[in-house]
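Hi everyone, thanks for coming.

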Amino acid sequence: MRLEVFCEDRLGLTRELLDILASKNIDLRGIEIDISGIIYLNCPDIDFDTFSELMAEIRRISGVNDVRKIQFMPMERHNTELISLLNSLPEPVLGIDLKGNVDMANHAALSLFNSEQDAVIGHHISSLVPSFNFTKWSEGKISRLRENIVLGGLDYVLEVMPVYITDESNESILASTVMMIRSIQEKHLFDDTLPLHNNLGFEHFVGISNRHKALISQAKKLSMLDQPLLVQGETGTGKEMLARACHNRSNRAGKPFLVLSCASMPDDVAETELFGHAPGSFNHEQGHKGIFEQANGGTVFLDEIGEMSPHLQIKLLRLLQDGTFRRVGEEDEIHVDVRVIASTRHHLADLAESGTFREDLFYRLNVLTLAIPPLRERSNDIAPLLDLFVSKYVKQLGINKPELSDELIDQLISYQWPGNMRQLENMVLRALTELESNVLTPDLFHLPQLESTSNNLPTINLDGSLDEIMKEYESQVLERLYQSFPSSRKLAKRLNVSHTSVANKLREYGIRKN
């Protein structure tokens, strides 16, 4: 029951109203006073006879002009309007009290944190946004704050706005804080280069497996050193992302991070790009600074260094030894302070053994190494990566985040992922563009139907010596897998062994494609 009492501004009138309620044992749930001469009362519902007596007694109070029943209190209407407005906003908005606890969260915020209200309201903001130190902010010079943050591997812009209330002496008192979280992803619709932006750090790497955690832990240690770093991993495992994160964690973070793919351009072009050329060369009056000069003080990332020509390997070895090189067509030596991070999907040791890669350069590079495990060897990371990519692309596509079918994760885990994380991300995007319901199902991923191995496992012939038994079983395994990975290089990657070893085994057992 809500009552609206029209009255004069008389001292003690409000007290008389409360005395009448107390005399009838009516609980007062809320009271609002409007300076225009209106008092609003919020009480529990009562029976008709008691209500009639109450209305008559209130009207007899000196200074009361009228009283009537209303459906809602003014603040109830204002709060409902505010909540409706907040819930209609696409950006997550949180209200934070003076202790740092969340006391309001709109629908977008609950969706962002994938939580119900009970799991958010009353909890400290640090449990939701660990990178924001509310205590430090509130104890310092409180002002509007805007900074970039990472939540679940995605980039957001955090805006923190203090809310002040002016008291009777016209002084501003901090009452609460409003936090708004905007997605950077929405500003880059279908921007596939976004994960490789310049501010990439280790917080963008998502994974829960022990192998992933060990990799990131080791990478953080090696990122602070200046010696060359070799990053090994299959295609699509994120070698450049890891190299960029190492650079941004190092003391060179404020300097350039430049990339050259050793497999994407002719030898003479690559040499000019790396080392530059002297004035007058290639019909250019002015000289050209190569990547190593441009990145002085920073980092150069050489992608697929196993594809580098022998000529460039010699020049790179010299640079790694004493930091000097010569531009193409120039006699003077140039000294630079550059850290080299190289990546390869090959086994450099095999390439060095076969003579296609300089052995001395291999030993120079093979001091600090990071080996990124393929996705099939860390299946526990598929679920969080799937959630990351789905969250990223539903924002770009402007659709609601779908549910995952029960069998989806199981089928994704059982797949071998020859393209690793890049393949998973591309499949997620394609699946979302084909989505016609609110459930993401395995058929949307169009996983290649590899030959089933569950019903026709290799049989073991126990006749002969142990060596003969093992060779026969090995030949059956290679025979089966070779049909799904129909090249010696693909099969070598699948089994995590050298290409030479697999090629020799295939020849030894006479295995051919079906």
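**A helix and its surroundings**

Let's start at helix α7, residues 239-249, where the buried residues are K239, L242, A243, R244, A245, C246 and H247. By buried I mean under 20% relative accessible area, with exposed being over 50% and partly exposed in between, using a 1.4 Å probe and protein chains only. Helices (H or I, at least four residues) and strands (E, at least two) are DSSP runs, numbered from the N terminus.

Before I go on, some housekeeping: this is a predicted model, so local features need pLDDT of at least 70 and side-chain atom pairs count only at pLDDT 80 or more, while totals for chains, interfaces and linings use all residues. Residues are numbered from 1 along each chain as its sequence is written, and side-chain values use heavy atoms, with hydrogens and water left out.

So what covers the buried residues of α7? The cover includes α6 (210-223), β10 (229-232), β11 (257-261), β12 (299-303), β15 (339-344) and β16 (368-371); contact here is heavy atoms within 4.5 Å.

For pairing, DSSP has to find at least two bridges between the strands.

The UniProt record, in an unreviewed entry, places "domain: ACT" at residues 2-75; its positions are in the numbering used here, feature names are shortened, and annotations may be inferred rather than shown by experiment. That span is 34% helix and 31% strand, and its end C-alpha atoms lie 12 Å apart.

Have a look at strand β3, residues 38-42, where five of five residues are buried. Strand β1, residues 2-7, runs antiparallel to β3 and is joined to it by five bridges, with Y40 as the bridge partner of E4. Strand β2, residues 30-34, also pairs with β3 in the antiparallel sense over five bridges, and G30 has N42 as its partner. β2 and β3 form a hairpin with three residues between them, and G37 in the turn has a positive phi of about 105°.

**Cysteines and cores**

How many disulfides are there? The count comes to zero, taking a disulfide as a pair of cysteine sulfur atoms within 2.5 Å. For C43, the nearest cysteine sulfur is that of C7, 15 Å away. C43 counts as buried, at 0% relative accessibility. For C246, back in α7, the nearest is that of C262, 18 Å away, and C246 is buried too, with a relative accessible area of 1%.

Finally, the cores. A nonpolar core is a set of buried Ala, Val, Leu, Ile, Met, Phe, Trp, Tyr and Cys residues joined through side-chain atoms within 4.5 Å. The largest has 49 residues, and I125, M179 and F445 have the most contacts inside it. Helix α13, residues 382-397, gives the largest share of this core, eight residues. At least three residues come from each of domain 2 (89-183) and domain 4 (375-445); the domain bounds are from an automatic or database assignment. Apart from this core lies another, of 31 residues, among them F275, F325, V336 and A352.
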